[in-house]
Every structure is written in C-alpha cells, then in structure tokens.
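Work through the exercises below with the structure open beside you. Try each task before you read its solution.

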Amino acid sequence: MALGRPPSDLPARRLLAKLRDLRAHGAAPLSELVRLVASEVVSEVCSVYIRRPGDLLELAATEGLNARAVGQTRLRVGEGIVGLCAAQAAVMNLPDAQNHPSFAYRPETGEEPFASLLAVPVRRSGRVLGVLAVQNRTPRSFTAQEVDELETVAMLLAEMLPAQGSAETAGEGLSNTVPRVFPGTTLMTGIAIGPVVLHRTRLSGIALLAEDSAHELDRLRDAAGRMQRGLDELLAGVPSDAAASRDVLEAYRLIAADQGWLRRVADVIKSGLSAEASVSRVAGELHDRMRRIADPYLRERLADLEDLANRLLASLMGDGPRDPVPPGAILLARRLGPAELLDWHALGIAGIAVEEASPAGHAAILARALGIPAIGGTRGMLDTADPGDQAVIDGDGAQLVLRPEAEVRQVYLRALEAASLRHAGFAALRDKPSVMADGMRVSLMLNVGLDLELALLDRTGADGIGLYRTEIAMIARGAVADVAGQAAIYARVLNAAGDRPVLFRTLDLGADKLLPGTVMEEENPAMGWRSIRIGLDRPALLRRQLRAMLLAANGRPLSVMFPMVATAAEFRQAKALLLAEAKRVRPSPERLSIGTMLEVPALMWQLPDLLREADFISVGSNDLLQFMFAADRGTPSLYDRYDVLSQPMFDLLEQLLTAAKQAGVPVSLCGEAASRPLEALAFVGLGLTSLSMPASGILPVKALLAEVDMAAFRPVLASIRRGARGAASLREPIATWAREQGLPV
Ligand code: PEP
Ligand code: MG
C-alpha cells in the first residue's frame, strides 16, 4: 500500500490541534466549540442542533445567531435545511439558503443577513444525533476542504454529544425495558430465540486526534496487512461443502484488494485524525453513499467495502478476541458483510436481524446457505436494544420481537420445539420420493444460482434443478464469463445433479440484477431492456452462453429456457439461435429440450403458437404476479398487497394447464411461492405436478403433500373459487380447510 507523508500544516490540522487543547481541559462546552469552529472555518455563524426525543432538532449552541434562540428554536427532522440534512444524513452546501424551497424561517434566530449555509450531519453508528451548521453573509458555495473540515468536527462532536444529553441518552429508560416488535422482511425463514449481541463498532475510549500522522499511517499500513492476511485465512478455511459461496467470497476478496478506499483513509489521517477515527470516518462516508445509490448491485459492493472498513478498525484496535458469544445468541446489526457473517457464524449465533439488508444481498444469500433464520429492514431496533436483552427472530412472520413478554416467548419456544420435531420428521422424508396419499407423484425441484447451493440437492433430496439462474454466478464474479468459463460453471452444475434433471435459464440480467458498473437509466427497469430482450438484441452474447451450455452437456441431455419472453416470435427467435449453436457443437446432447418461462401475461393469448414450439413451460410466479397486478416485486409496501392465491392467478394457471395438457407440453412453476406449503397445495390442486423452489421449501412441501388427500381437496378448491365473489385473496378459506385436515401448513 502506498501511503504518502502528511503535509506539515493543513488548516484542518490547526483546527484539530485547538480542539485537542479544548478537550484536554475536560468536557468542552458546546459554546466553546462553536466559537472555535466559526473562527477557524472563517464563518460568521456556527451552530449545533441536537436531536431530541420526538425527532426534533433543537438549537443547542450558536456563535453568530441570537443567543436567546438557544433551547428555543426547534425543527422537526425533515423540516428546513437543517432538518433535511438530518433526515437525509447528507451535507447541504447552499450559496443562497433562504431561497431554497425547504428553508424554514425562524424569526427568533435573527438569521436573515446570512445567505450561504453549510450543514453537515453529526452521526454515530449510522444514526444522526444532530447537525452542525455554518453560515455566511456572502452568497457562495463552501469549498470541498471546508466541507471536509466541518465533517471532521462533526465526528468529534458525535463523541461529545452523549455527555450533552442528546436524544440517545435522553430517550433511554423505560423505552429500553418494554417489549418491542420490529417488522421487517424475511431473509431466511425459521425461528431463533436468545440473548442479543450487537454488531457495531464504537469509537468511545480511543483517541480521535493524533499529533503524529506519520505514526498513524504506519499503524494503518500494519493493520491493513494484518486484515488482509486474516481475510485470506478466513476464506481459505471455508470448506467447500460448508455452504459458503466461493463466488460471493471471491468478489469480496477483489474488493479487499482495492486501494482506493485505503488511500482515502490515509488522506483523512493526514488531516490530523487518528487511524481509528479516519477509518471510521471513511466507513461513515461509504455508508452515506450507499444510502443514496439505487442500484442494488453497487449498494452491495459498497456494503462489502463498509464491512472491510469495520474489519480494518478491529485490526487497528488490536484484533482482540471478541467477547464470548452466549449460546444461541441473536445478532443485531445495522449492516452485515459476508465475511462478518461467517465470523459470527463460527461463534455460534442462532439468528440475525439487520437494519439495512435486502433479500438479494450477500449476507442474505449466505444466511440462507448456512440456514440461519434472518430478517432485514428492522429499522430502529439498534436504538432500543441492549446486549443481553432477550430477542426472537421470527423469520416466518418477518419480525424481530425484542424483550418478549413471558407468554410470547413461551409461544415461540413451543413453535421452535414443534419446528425441530418437524425437522426430525422431515429428515426421514429426504430420501423418499414426493408421492401423495393417492399415489400421484409431484416433482419437487431446487432453484439454484451459486455453486454453494449444489450441495443442497443431496441435503434436501430434491428431484433436480428446476431453475438454474445463470446470471447470479456472473453477477457474483462481476462480469459475464467467456465461453470456457461459463461451460465450466454449467458442467459443475450438471455433474452435481448427476441423473437428476437441470433446467438452465439463459441470462436474466437487467431490472434488479445488474453487473457491476452498469448504470441503470431506465425509469422502469423491471419492464425495460432486460433478460431475453438483451439476448435477442445482442445475439453474440446469447449464442456464447448457449454454446457454453451445449459444451457443458457434452452429450448429456440438456434443457434450456428463456426468461421474460413476451411474444411467441421472441421464443422462436431465441430457439433458432440455440438450434444454430446445437448444429455446431459436438457431441450433440442426447436430448435437447427448449422451453420458455411464462412471466409476462401476454403469452396467455399466444398459447397455440407457443405450445406448438415449446418443449416445456415454466411459470415464473415472482414476475408473473408483479405483471398481473402491476405491482413492483421490490417494493416492500406491496409485498402482501396482492396474493398469488387469488382468482386471477388460479384462472390463468388453469387455462395454461388445460391448453398445455392438450398440446402434451409439460408445465412447472418456479417462483418463490412454490416453497410455501399452502401455495404448493393450491398449485398441485390446480393440476401442477412439478414445482421448483428455494431449498428451505422442499421438505416442508414434501411433508404436506405426503399427507394431503388431493381427491378431497380438488372439489373444495373448486367450490372456494366459485364462491370467491370478487375476494382479493382465497388464502383464508384454503388455509381453514388445511387446518381442519390437520395439514402442516
Ligand atoms: C420468477 O420471476 O418467478 C422467477 C423464477 O425468476 P426470477 O425470480 O429470477 O426473476
Ligand atoms: Mg423472473
């Protein structure tokens, strides 16, 4: 790592030296701090606003505004420029603040003469504790260096604020002892109950300022080296069958080697902060950038970087052993990177809740692979949780229950017990074929996207791979591999499956699945240039992929399907490309099956053409639901607004199954819905005999199907549909029947 020497006297260093003197004389009053900042940053006004309970920002100290406004002026988070700065955790640099649409006039402050305003959030552990603002009469933008200086002061302020009575301490007390429920989204199903451990890095107790920057740079270099070695060991120690994704970890290793962020840390050190404070500051910056990035893939890359910054911090602080983790502990984190998740897993945590996590994120992928119940999006939990609090991760109900009442805890303990008994029962089912009480067979297949999931074929006893999402491995490695690279990946899949069938799906890139560096400019990417549309417009890309599949098959049977097909003509075009490649590759596959996914409702009105040409159809219920109901599948508030168990969906499936049966074309369903026993019951009741799903669904669905009397259910389902009378969902009557039968739904 190339780290330069610090320049001798930057303005920031002078300011920090004075702040150091101030702090050396005990807890510095805020009034001193604002006076010092105003003089050093050369501004006429410097003010500190502190966040109070009720999401209010109160003027706590000022140099330059009316002193009597202190303690009086209050803004809601989101109100005025200061409120906006807090709400968005973003720097506001405005030459003419009073003409900004969000400006909120407070006459008592006497701020009329001041035109320009620079406001920076005061944050700790990702939470905004207040706002630091400077103002000047002259309308001008503040320089990047001034912004930098003010951010450094804000960081120091963050460490001083608890002593000044910020919202964090003021809100403590009763609110931290009562039960709380935090709704979120499921990253991995299952229940875990145990004491809370917190994943967060705090700066308290360490020096923030450093006189000898050269020494700090040396410490940074050493710590970075130690971190890198530790990471190599960690990654090398992951056994190939330990369900840790090589692809995910490989991408992570690449990011660890990136020098850009280490240079940024070195720059901050040169401004006079300690190595620890500098790393923490850069981690904070990464976190802010992440909040503003919509592209889910880039967000994940930045999350990895933040994860690394936290490891570097740990390395700087001595890498001491973590406190022992109590058995069955529940980990609460703001964000969690893949390596951190592996660390905590090794320490024996039983469940995870992450405030900022998406189901498609790396941590979520690993949580599913490791079988750890996990939920994301539980915002606010870190504000009230203390280490040692009891907590329940309810992955099935998508919620975190903090400090549950005794009776609630008992209910969850009973559910956990029942689940482990069920699991013991499930294990016995693993090697049995999925046969219903009437002897009919349903094939239960796996959805797979990464090498690590291949081991799940044996572990679940799945009948094969009903959906191999080829884009996932490419996203994890950061680019679409060349023909040989792809062929190697696909051959590994076929080898792992052995005699079991595999349905490869061609690249489904676009929408929320982007390669790094892709800039999404579409207003509506889910309906944009994605999937087969890209493949048909870039036929060389699609042909290379098809060639790789044929090479991987190496004479074995091969099944390929295309995603997001909207017209029979698109399917015909894609099929023609595959047939053209098949003519060139030897040996030919023993059998070549070419199918399409049904995700776009328009295909329903082209069934005669489609069924003449397709060897099979696989319903992608995730996208089909989103397009049927015009409801973005990535919008959390719409998650349960529309139901796959509904009249329109049932009618569509029935029409499809009837037409396909006449044409002799097999139909399967491969969206996530197939993994939920109640949904699986309805799908099989409608006539589906092949379902593909995430691994967690295979055994529960098999257990249900083994017990259900389908001959009895079919007329019940028909009568529920007849009596629907415009109901938005048919879930309740189906669930009632299943419960009456004692079925494990
Ligand atoms: C689907 O849309 O249901 C599907 C299986 O594809 P994906 O989830 O990869 O979009
Ligand atoms: Mg889809």
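The exercises that follow concern a predicted model.

**Exercise 1. The shell around ligand 1**

Task: Describe which residues surround ligand 1 and which polar atoms approach its oxygen atoms.

Solution. 
- Step 1. Count the shell. Ligand 1 is surrounded by 14 residues. The closest are R469, R505, E599, N622 and R633.
- Step 2. Ask which elements supply the shell. β16 (465–469) and α22 each give at least two residues. The most come from α22, with three residues.
- Step 3. Read the distances. A polar side-chain atom of R469 is 2.8 Å from an oxygen atom of ligand 1. For E599, an N or O atom of the side chain lies 2.8 Å from an oxygen atom of ligand 1. D623 uses its backbone: an N or O atom there is 3.0 Å from an oxygen atom of ligand 1.
- Step 4. Look at the cover. Ligand 1 taken alone exposes 290 Å², and the protein buries 98% of that.

**Exercise 2. T73 and E58**

Solution. 
- Step 1. Locate them. T73 is in the loop between β2 (56–63) and β3 (74–76). E58 lies in strand β2.
- Step 2. Apply the cut-off. Buried means under 20% relative accessible area.
- Step 3. Find the polar contacts. The side chains of T73 and E108 make one at 2.6 Å. The side chains of E58 and R52 make one at 3.4 Å.
- Step 4. Set aside neighbours within four places in sequence. T73 then touches L57, E58, L59, R106, E108 and T109. E58 then touches V48, Y49, I50, R52, G71, T73 and R74.

**Exercise 3. Helix α20**

Task: Compare the span of α20 with the expected value, then find what covers its buried residues.

Solution. 
- Step 1. Take the span. Helix α20 (residues 568–584) has 17 residues and reaches 25 Å from first C-alpha to last. That is close to the 24 Å expected at 1.5 Å a residue.
- Step 2. List the buried residues. They are A568, E570, F571, A574, K575, L577, L578, E581 and A582.
- Step 3. Identify the cover. It includes α18 (532–537), α19 (539–553), β18 (558–562), β19 and α21.

**Exercise 4. Backbone exceptions**

Task: Say where R403, R725 and P587 lie in the chain, and note their backbone geometry.

Solution. 
- Step 1. Recall the rule. Most residues other than glycine have a negative phi, and most peptide bonds are trans.
- Step 2. Take R403. Its phi is positive, about 50 degrees, although R403 is not a glycine. R403 lies in the loop between β14 (399–402) and α14 (406–429). At 9% relative accessibility, R403 is buried.
- Step 3. Take R725. Its phi is also positive, about 45 degrees. R725 is in the loop between α26 (710–722) and α27 (731–740). R725 has a relative accessible area of 77%, so R725 is exposed.
- Step 4. Take P587. The peptide bond from R586 to P587 is cis, with omega near -5 degrees. P587 is in the loop between α20 and β19.

Conventions
Residues numbered from 1 in each chain as written. Chains lettered and ligands numbered in written order. Predicted model: local features only at pLDDT ≥ 70, side-chain atom pairs only at ≥ 80, totals over all residues. Heavy atoms only, no water. Helix = DSSP H or I, 4+ residues; strand = E, 2+ residues; numbered from the N terminus. Polar contact = N/O pair within 3.5 Å; in protein donor to acceptor, adjacent residues only side chain to side chain. Contact = heavy atoms within 4.5 Å. Expected span 1.5 Å × (residues − 1). Buried < 20%, exposed > 50% of the residue type's maximum accessible area, 1.4 Å probe, protein only. Near = heavy atom within 4 Å. Areas by Shrake-Rupley, 256 points an atom, 1.4 Å probe, with all protein chains shown as cover.
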